[in-house]
Amino acid sequence: MDITDSSSAAPPLPGISAAEAAENPSSALPAPATPRAPRKTAPRSASARTSGSSKPSGSAKKSAPRTAKAPAPAGAEDAAAQPVTAPPKPRVSAAAVAAAYRDEAPAAPPAVPDTEVEQAADAPAAEAPAAEAPAEDAPVAKARPAAKKKSAARKSAKPPKPEPEAAEPEVVEPEVVEPAVVEPEAVEPAIVEPESVEPAIVEPVIVEPEAGEPVTTADAVIPSETPDDADAQTDPDSSAPAPTVLSEVAADTDVPAVRLRGVAKSFGETRAVDAIDLSIPAGTFYGVVGPNGAGKTTTLSMIAGLLRPDRGTIEIAGIDLAAEPARAKRMMGILPDRLRTFDRLTGRQLLHYYGVLRGLAPAVVESRAADLARAFDLAGDLGRTVADYSAGMTKKVMLAGAMIHSPRVLVLDEPFEAVDPVSSAIILDILKAYVAHGGTVILSSHGMELVERVCSGVAVVVAGQVLAEGTVDEVRGELTLEQRFIELAGGLSDVEGLEWLHTFSG
Amino acid sequence: MAAHVLRLRFALLVGALRGDARQVTRSVAAVAALLLGLAVVVWALLRLRDAPDEVAQTVTIVGGAGITVGFFVTPLLGGPEDPLDPRRFAVFGVSPAALAGSVLLASVVSVPVLSLIVLGVALVALSGAHGSAPAVGVVSVVLGILTCVLGGKVAAALAARVLRHRRSRELTGLLLVGLLVVVVPVVVFLASLQWRGRVPSQLTAAVDILAVTPVGAAWALPWRALEGTALVPSLVAVGTVLVLAATWWVLVRWLLTTTERPLSSRAQRGLGWFAVTPGTPSGAIAARSLIYWLRDPRYIVNFLVVPISAILTMVPLVVVGVPLSLAALLPAPFIALFFGWLAHNDLAYDSTALWMHVASAVRGAADRLGRLVPVTLIAVPLLAIAIPVTVGMHGRWALLPAMVGVCGSLFLSGLGFSSLSSVLAPYPASRPGDGPFQQPQRTGGALAQAVVLVGTLLVSAPALWWAWLTLAGDDEAAWMALWGGLAIGVAVLTAGILLGGWFFERRGGRLMEFVESV
């Protein structure tokens, strides 16, 4: 099956985004991490519009912060003077965003949103004063470097502001009406923002202009937003590796992140894995599903280099795992299932251990560990020994450790098992952002619904063999993934012989 | 400049007597106690005027060397912060040379140095009474005091620069252990001497050695001058002062021209041993292993059992009539042998957490080396106590080098073999969280245990043979045993780490299968 084509991988995302837009309010609870969501969902913003307007309260709150920055530098008074022309504004901003988005991720412009956006782009040209068109271009251009830098800095932890504009435009509509009340403070955001890197990025949206109002909606949420900016600026180290990763990934998208050829593994008499072939393209969110004992964990362990296959070869980003284990392993972050960790260490010590074993300098480890702890909501627990953590917290700290050396591929065995819904939403956000920037996530899961919603590619492993593989759509066909999975796994046999269970004895 | 700093110094001295009543009382009491002690020492020194030359010289040199070492060690162990830290003068734009001189001069005005000057006067009187020229006595005391003052300043500057941000329970513990390693043998040595009215010959030998070391040379000057052999001590004493002065000057320059990185203190917070060990994979593995060795009952039992059983080995021998002086020689080599052997199944104790090392592609040698750090840190101080005690009980100090050689060979080559066996032949051990005596069903591993033990004994055979010759009366063989034994140990250890590391990198998959199957 062909998943190497990035455009075919992209479509699922918009779909997800719509679904997510509806969910967002709940995942918005943990303050710092959630704003991230809009970032990757950017492209499908246009399609999300309807859901946005239908749920004013939840999504309005979310989107507000980003619109905030936009208008701020523009000068609130002028803007406020203008009538509230809701319709034109969103479209213009959508156009600006679309332009920005196309610049930033030329590789995979999702088909559906793209067209919509294009229409939007046309519209303003007609409606808006001619002078604005150039103005619009300029800021976008300016925004570029800043946006890159920003997103890099963010990569490790923080809510992204750079792209967010993309998501907002439409969503903004609803609020424009309500928050006139807030207006007075409109000025302060302008003061706060400048220090953060934002202004440059935000500018494009200013073009929306006549729409004075957004300014007002802005400040209502800004307070919660600014601290994040401050944080983002304090983690300088993480910015270093990110840009290079981006460019590299762009260069070698043809090389699959992971390729298995005829990989087999037996434990004594049992054949755990029987001649598996898989090719997982870079920049995808890939799910490995299968019934209990199907060989998922064994497969992932072999990919991770923890087990040696009896036969077959494994390549990580084109590097043969057997021939150059050290180089190949450096590309991967591993989250095993059922394996212990050194749980007499405190959370902080464990993260330090992860980082230093990977050869990072202690100072880098320190700052990344702080970022990760914040992102995974572990900051308050780093001083306790990991043995005292709950199962979910242990999973989170191990996931954080797997990411600390900014690997190219994340191999996660049951990452969401025992993790509460809020945490898994956060983790999912982090992982999606990681994939959006060119990373590859391979995870195994029993949650079909989750795999269907999140993954772009999926492989169904039954009895050590891949029975189906490809994009989620290809694999499930007409059915839901769960139905298809049950079908592949041999169907539901009628349960017989338990009649005694239905005659109660006491 | 100098006058300013001096005045500051006096103000600081007087300032110590201000503050609330309790603190003042404490300061006054301390000063009174010090004066009393000083008076006693001076009185004792003056009484030595009538003692034989040999006794007076032994007391002077040993005492002087002890005081000099004390001046150097105290700041490292975390004495009070130096109020005249050169860095505090950085903002005044003073030239480093002027500052180095002024601070040094001001440092003379401190309670310890003033006491030392009083002692110095008594020493001049003492050496004069034994016929030494007063000028030589004065030069000796001045050099000695300079050595002390400079040593203290250099140590304080180093401590402030290097240690301050790393100060932690762990580091202090480490330094105390280091001190123990030095002090215990000396105390045992002194305690085992038999005075019987004259200076024991072993002590005379020790004094002869001290007299040409930097810490004792200055104090030995007048006594060596009496014997006409003052050349070497005087060169050493003057050289020491010059080297220390140059070091001090360089340090002051360095302190004034570099800035502190405040980040380092933040980075070390809450990391425990990880803050003490270097930030490399082997350093991290060492820190992690240390935390486990010191907190996990499975390891603690191991290293408690070894010394206890070592002492118990003497019992049957003594019961069957082996003389105590011979039986007493057994515990130290026994401890060395079993501590080297302890690490032979280290990997199995990690259980499945081993995946972190395999997945991180840690260099095998780094893994091997890091794991040996805790056992070394525990075994070395224990051996430092056990060896002198053993030799002291035996009674013939000429055996000391041989004993060190035998123990070094047994311990180091044991570590080398262990590094290999824990990769090649791990066997199930009690799992993390289990009780130390709760052994797994399937143990096996007898072969690995035996091979490591026998292999260690075999490669150490030469050292044991030389030690046996020493015991039989050949004093030259003692030095053969020392250097030969250490060379064997280091060679086997290096080979074990490199080879074990090589295997570790290639057997990662099989090791994971092993730990998962247990």
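**Ground rules**

I count residues from 1 along each chain as its sequence is written, with chains lettered from A and ligands numbered from 1 in the order in which they are written. Since the model is predicted, local features need pLDDT of at least 70 and side-chain atom pairs count only at pLDDT 80 or more, while totals for chains, interfaces and linings use all residues.

**Entry: chain B overall**

I looked up the secondary structure of chain B and found 25 helices and zero strands. (Helices are DSSP runs of H or I with at least four residues, strands are runs of E with at least two, and both are numbered from the N terminus.) Chain B has 518 residues, and 42% of them count as buried. (Buried means 20 or more other C-beta atoms within 10 Å of the residue's own, exposed means 12 or fewer, and partly exposed is in between; C-beta atoms are placed from the backbone.) I also checked contacts, meaning pairs whose C-beta atoms, placed from the backbone, lie within 7 Å. Of the contacts in chain B with a separation of 6 or more, 80% are between residues 24 or more positions apart.

**Entry: the sheet in chain A**

Here I found an open sheet of four strands in the order 2-1-4-5, with antiparallel pairing. Its edge strands are strand 2 (270–280) and strand 5, each pairing on one side only. (Two strands pair if DSSP finds at least two bridges between them.) Strand 1 (residues 258–267) is joined to strand 4 (residues 311–316) by five bridges, and Leu260(A) sits opposite Ile314(A). Strand 4 then pairs with strand 5 (residues 319–320) over two bridges. I wrote down the partners: Glu315(A) with Asp320(A), and Ile316(A) with Ile319(A). Strands 4 and 5 make a hairpin with two residues between them, and Ala317(A) in the turn has a positive phi of about 50°.

**Entry: helix 19 of chain A**

Helix 19 (residues 391–403) has 13 residues and reaches 19 Å from first C-alpha to last, close to the 18 Å expected. (The expected span is 1.5 Å times one less than the number of residues.) Why do I call helix 19 of chain A largely enclosed by the rest of the structure? Because eleven of its 13 residues are buried. Among them are Met393(A), Lys395(A), Lys396(A) and Gly401(A). The buried residues pack against strands 6 (332–335) and 7 (409–413), and against helices 17 (347–357), 18 (362–375) and 20 (421–436), in chain A.

**Entry: nonpolar cores**

A nonpolar core is a set of buried Ala, Val, Leu, Ile, Met, Phe, Trp, Tyr and Cys residues joined through C-beta atoms within 7 Å. The largest one has 173 residues, and Ile442(A) and Met403(B) touch the most other members. Its largest share, 14 residues, comes from helix 20 (residues 364–394) of chain B. Leaving out residues up to four places away in sequence, I listed what Met403(B) touches: Ala332(B), Ile387(B), Thr390(B), Val391(B) and Ala467(B). A second, separate core of 49 residues includes Ile61(B) and Val236(B).

**Entry: where the chains meet**

The contact takes 31 residues from chain A and 29 from chain B. On the chain B side, helix 13 gives the largest share, six residues.

Notes:
Expected span 1.5 Å × (residues − 1). Contact = placed C-beta atoms within 7 Å.
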